[in-house]
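Please prepare a short briefing on the structure shown below.

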Amino acid sequence: MAKTEPTEDLAALQRHAAQLKAAADKAVRTYDRDTWIRFTLVFFPVPFVLVLLRLQIEAWGYYVAGALFLASASGLYALDGAAAARRDRAVKAADEAQKAYDDARTARSD
């Protein structure tokens, strides 16, 4: 097995860290954008319909609307948790790759 030069390994580590940093930045931007969409989907549709139909809706309709609001909020909360976990994994991988690069650069300079 051929051994590569330390400079090549260092450059490969730097490229890998940069790629993971770009992926993490994209994951953070995607999460931030999608969070506003989920936030709007929780707090806009059901209350808006209730305001529009407040004079025509029966009393039991408010119970249905409340249950629908709670169900949609809990579903979107679960989606947000999964998206946040995905974002956190990408950021953690980028941080670990940067740390590995920094450690290798420090070890090379010693």
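The chain has 15 positive and 14 negative side chains, and the centres of these two sets are 4 Å apart. Lys and Arg are counted as positive and Asp and Glu as negative, while His and the chain ends are left out; each charge is placed at NZ of Lys, CZ of Arg, CG of Asp or CD of Glu. The model is predicted, so local features need pLDDT of at least 70 and side-chain atom pairs count only at pLDDT 80 or more, whereas totals for chains, interfaces and linings use all residues. Residues are numbered from 1 along each chain as its sequence is written, and side-chain values use heavy atoms, without hydrogens and water.

**Overall form**

- The chain holds three helices and zero strands, in the order α-α-α from the N terminus; helices (H or I, at least four residues) and strands (E, at least two) are DSSP runs, numbered from the N terminus.
- Along the principal axes, the C-alpha atoms fill a box of roughly 80 × 25 × 20 Å.

**Surface and contacts**

- Of the 110 residues, 15% count as buried; buried means under 20% relative accessible area, exposed over 50%, and partly exposed in between, with a 1.4 Å probe and protein chains only.
- The chain exposes about 8,500 Å², of which carbon and sulfur atoms supply 65%; such areas come from the Shrake-Rupley method with a 1.4 Å probe, and for residues only the protein chains shown count as cover.
- Among contacts (heavy atoms within 4.5 Å) between residues at least 6 apart in sequence, 81% join residues at least 24 apart.

**Asp80 and Arg38**

- Asp80 belongs to helix 3 and is buried because its relative accessible area is 19%.
- Arg38 lies in helix 1 (residues 6-43) and, at 12% relative accessibility, also counts as buried.
- The side chain of Asp80 makes polar contacts with the side chains of Arg38 (3.1 Å) and Tyr31 (3.2 Å); a polar contact is a pair of N or O atoms within 3.5 Å, where within protein one must be able to donate a hydrogen and the other to accept it, and residues adjacent in sequence count only if both atoms are side-chain atoms.
- Leaving out residues up to four places away in sequence, Asp80 touches Tyr31, Thr35 and Arg38, and Arg38 touches Tyr31, Leu76, Leu79, Asp80 and Ala83.

**Ala100**

- Ala100 is in helix 3 (residues 59-109) and counts as partly exposed because its relative accessibility is 33%.
- Ala100 and Ala17 are 83 residues apart in sequence, with 8.5 Å between their C-alpha atoms.
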